[in-house]
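Please look over the structure shown below before reading on. The paragraphs that follow lead through it step by step.

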Amino acid sequence: MNPPPARSMMPSLILNTATRYLMPLLVTFSIFVLLRGHNLPGGGFIGGLIAAAAFVLYAIAHHVAAARRALPLDPLQLIALGLLTAVSSGILSIVAGEPFMTGLWSHDPWPVLGAPGTPLLFDIGVYLVVLGVALTIVFALAEE
Amino acid sequence: MTLLAVLSPFALAIVAPWLQRRLDRAAGWLLAALPAVLFIGFLNFALRHPAESHVFSWPWIPSLQIQLSFLLDGLSLLFALMITGIGALVLIYSGGYLAGHPHLGRFYVYLLMFMGSMLGVVLSNNVLSLFVFWELTSFSSYLLIGFYHDRQASRAAALQALLVTGAGGLALLAGVILLAFAGGSWELSELLARGDLVRGHPLLHATLVLILLGAFTKSAQFPFHFWLPAAMEAPAPVSTYLHSATMVKAGVYLLARLHPILGAAPRWQLYVGGCGALTMLVGAGLALLQVDIKRQLAYTTVSVLGALTFLLGLGGETAVTGAILYVLVHSLYKGALFLVGGNVDHAVDSRDVTRLRGLRRAMPITFVAALLAGLSMAGLPPFVGFISKELIYEALHAHDLSLLLAAVAVAANGCMFVVALLIGVRIFVGPPAATPREPHEAPPSMWLGPLALASLGLIFGLVPGLIEGRLIAPAVAAVGQLPATPAPHLALWHGFTPMLLLSAVTIAAGLLVFLGWDFLRARLNRLAPLGRLGPARWYEWVLQGVLGFAHLQTRILQSGSLPVYIATLIVVIILLVGGTLLEQVQIVRLANWNDIRFHELCIILTMMMAILTLVTTNSRLTAIAALGVVGYCVSLIFVLFGAPDLAITQFCIETLSVVLFVLVLYKLPRFQVFSRWPTRLAEAAIAVAFGLVVIGLMTLGMESDLGSPISEFYAANSYLQAHGRNIVNVILVDFRGVDTMGEITVLAIGALGVLALLKLRLDRDRPGKESS
């Protein structure tokens, strides 16, 4: 494999600086969208796409390697973790004696989250898979 | 107990390789403990509840009325006893025969898997689970025949057996479904009581033919017999267990099992009896031409399977008793002889009957086993083989024995006699001949099996009462659905009867052929070229034809050009959907122009201009930007028509795809127009036609009344049942959560695919060139 070029794809000071501030905002916003999804427009799919857009922006402004470093996990690991989370949210209901993927709900409100249930866990899984898939493809293309 | 019996071999199969590694030589003995325990369990059941039928059931897929249910009656008990009993001996034998083979652990896995599947076949009460186990036996047989996978012949034989029995299995599936529909039940125990219903069904003939195809392929009936001799590529324990004692009798089992239902069908006697008689004769005749011990035994097995089928086709109490007894007798002597053949092969590395002589001194115990089994196969008194042969003749006699059928039976039994003497006697007596290896006696693990099976042949012959009331009569009762009274009494001496005369003729003719066998075979071998026109050739032709057709259609459909693929897809959609739309031509009432608001019009016009730019531009970057404009406009439309979730998704996707496009663009060569104007014109026509079809589809969709839309259900239940107000999200993660799980799995696989395409570089070409 060729060594990745050291320079960023678009060497622009404005973009670099803006991205530094935009990126945390976008990621936070994506989590906000993920959490509000159950009652208002949003959800795991959209949240995952927004988060992916944030990291893609970072990769364009700086470099793919930098974007990879900014990620806590490898995109493929994100996919695996997401699938695992989604499946385990379904299996939880089997453990509770209900059919697969029956929604289980907490009766007492938690701080910030409200009264969450297994569908939220499932949605987090979707979020991680979408983020992982988008980044896997974009990074792979960008590194070519 | 039945569920445990069927599942326990599978469970043991999982740990078998580990046990093999830990225990090495002792593993076979230990693994054999499971079938031995099951054997005792079944025997205990048979002795306690003779001639009763028991159904055990567990719910499996209740919504499809499929339950895991097992039927334990005389017939299934007899087969279960053979499967577990011979299975135990074969496991012990395998430990000796394949000692030191690097894949012995794997072999145990296959063998145990087969044992569980075969028990499933004979114990299943549900016809669908019977089919599933039936296919599992074909599958494990494939693995076992191909066990020596580094040999081309093994692989070809394994594939042949799988294709032939697998094709039959498909016919069987269709057959049992028809049967279940006709009889109104998936349970054999209920179907057995509804024979009239099935026989009165208009599709009776199709049902019969399909089921018979399944049974005939499995039990190697002519013209499907050729896979069985080829399957002799497998190691000796496999030939013993699968291809003589149990699996090939699955077809016979099915015929016996369904005899109460289909036995009185109009053409049963013609098809089953006719095919059986033909197979009996062909198998026995071909056996005489072979010089390889295993192939001789294989062809006689074909002949015996033919005889069994023939007897079941004939029907009547004597014939059925004859068939049931023969199933047992054949498993005993043929199992023993196959193991003897394995011992000889193992000891001297040759299976050529014409070369082997005088092995008696070096292999005394094997010789005793071979002699006992051979004499039983030859049908000499006082062996149980004699009783069984007499019963066959008696069945013919009871059916106004036609001279032709009697001649067929005598000829087949005569050939059997010859082969029995060749293997049981000739190779062991006389002065020792030179062999590739110095002969030596087999270890205990390898003579226990043949000796035990062969001795049982003698014991049952001397004391037929041991099996008559407890095993044979209940099985006959299950086949004939009669009260459990053994009609023909099993005994060695019946007095001077026509049957005794036929036996004498058989033995005399057999002796004559045996003495002149070398001479006769040399003459008959001149006819060998005729064999090249046999069914084995038909199989090759069909296989080549299918492969040729596959190559041809792949060449036509997989041109490798992306534009052609897309054009093909779209043209097909235009033709199918457009054609259907044209049939429903009606005056389409377009929306009222006054309803269209100004900003909507603006969006539409923007889209149109973007599209025009897209198709006329000479710059890739412009084209992609134009495509992005179209996408953003679509998401605006979603916003206007109250679908914010969809709009956000579309917006994000559009952004990411523009990024992706730009990344790809980066690598591409300069934009060039390769196509000439006629091609472009054709493409434009396709695009316009597709657009028209979509417009037609949408107006039709708006016009037609499809009843109350499902969205009302979601709107009403979203908050009450799923605690969420955003219907779209609730549908995604809750109501249709399993769909979403499938989708994210597909996404993940897609990402892996992209990664593999880009990173693997199977050939040196730089990837990313495929887009044009």
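How far apart do the C-alpha centres of domain 2 of chain B and domain 3 of chain B lie? They lie 75 Å apart, in a predicted model where local features need pLDDT of at least 70, side-chain atom pairs count only at pLDDT 80 or more, and totals for chains, interfaces and linings use all residues. Residues are numbered from 1 along each chain as its sequence is written, chains are lettered from A and ligands numbered from 1 in the order in which they are written, and side-chain values use heavy atoms, with hydrogens and water left out.

The assignment for chain B lists domain 1 (1–222 + 253–263), domain 2 (267–515) and domain 3 (559–704), where the bounds come from an automatic or database domain assignment. A nonpolar core is here a set of buried Ala, Val, Leu, Ile, Met, Phe, Trp, Tyr and Cys residues joined through side-chain atoms within 4.5 Å, and buried means under 20% relative accessible area, exposed over 50%, and partly exposed in between, with a 1.4 Å probe and protein chains only. The largest core has 196 residues, of which B:Phe42 and B:Trp227 touch the most other members. The element that gives the most to this core is helix α16 (residues 317–348) of chain B, with 19 residues; helices (H or I, at least four residues) and strands (E, at least two) are DSSP runs, numbered from the N terminus. A second, separate core holds 49 residues, including A:Leu34 and A:Val129.

When neighbours within four places in sequence are left aside, the residues in contact with B:Phe42 include B:Met1, B:Leu72, B:Leu81 and B:Leu123, contact meaning heavy atoms within 4.5 Å. B:Thr301, a residue of helix α15 (residues 293–314) of chain B, counts as buried at 0% relative accessibility, and its contacts, with neighbours within four places again left aside, include B:Leu228, B:His243, B:His330 and B:Phe338. B:Leu210, by contrast, is partly exposed, with a relative accessible area of 22%; B:Leu210 lies in helix α10 (residues 204–218) of chain B and, not counting residues up to four places away in sequence, touches B:Ala171, B:Leu172, B:Ala174, B:Gly175 and B:Leu178.

Next comes the place where the two chains meet. Here 40 residues of chain B are in contact with 44 residues of chain A, and the two chains bury about 3,700 Å² between them, 74% of it on carbon and sulfur atoms; buried area is the accessible area (1.4 Å probe) that two parts lose on being put together, summed over both. On the side of chain B, the residues that lose the most area to chain A are B:Leu656, B:Met741 and B:Ile744, together 15% of what that side buries. Between chain B and chain A the count is one salt bridge, that is, a side-chain nitrogen of Lys or Arg within 4 Å of a carboxyl oxygen of Asp or Glu. The side chains of A:Glu143 and B:Lys759 meet in a salt bridge at 2.8 Å, N to O.

How many disulfides does the structure hold over all chains? There are zero, a disulfide being a pair of cysteine sulfur atoms within 2.5 Å. For B:Cys602, the nearest cysteine sulfur is that of B:Cys633, 10 Å away, which is too far for a bond. B:Cys602 is partly exposed, with a relative accessible area of 32%, whereas B:Cys633 counts as buried at 7%.
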